[in-house]
Amino acid sequence: MTLLNIGGTEIIVILIVVLLLFGGKKIPELMKGLGKGVKEYKNAVNSVEDEIKKVSEEEKKEEK
């Protein structure tokens, strides 16, 4: 059993539960916060990848 093995019916049930718990006015705020979090995560990952590439290129230049 995997976590992401979710069908259409389950997604609809989850969305209804979220709507009932948080109400229609809070959902946009939650999604905005989630979007910001994902954006920050991607920026951090890209920053680490860029730093690794930079160090790797410097090492290659030193070997020559």
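Trainee: What is the accessible surface of the protein chain, and what share of it belongs to carbon and sulfur atoms?

Mentor: This is a predicted model, in which local features need pLDDT of at least 70, side-chain atom pairs count only at pLDDT 80 or more, and totals for chains, interfaces and linings use all residues. Residues are numbered from 1 along each chain as its sequence is written, and side-chain values use heavy atoms, with hydrogens and water left out. By the Shrake-Rupley method with a 1.4 Å probe, where for residues only the protein chains shown count as cover, the accessible surface comes to about 6,400 Å², and the share of carbon and sulfur atoms is 63%.

Trainee: Is the protein chain a compact globule or more spread out?

Mentor: The protein chain has one helix and zero strands, helices (H or I, at least four residues) and strands (E, at least two) being DSSP runs numbered from the N terminus. Its radius of gyration, taken over C-alpha atoms, is 21 Å, well over the 11 Å that the globule rule (2.2 Å times the number of residues to the power 0.38) gives for 64 residues, so the chain is more spread out than a compact globule.

Trainee: Does Leu30 count as buried, partly exposed or exposed?

Mentor: Leu30 is found in helix 1. Buried means under 20% relative accessible area and exposed over 50%, with partly exposed in between (1.4 Å probe, protein chains only). The relative accessible area of Leu30 is 37%, so this residue is partly exposed.

Trainee: What percentage of the 64 residues count as buried?

Mentor: Glu51, in helix 1 (residues 8-63), has 43% relative accessibility and counts as partly exposed. Across the 64 residues of the protein chain, the buried share is 0%.
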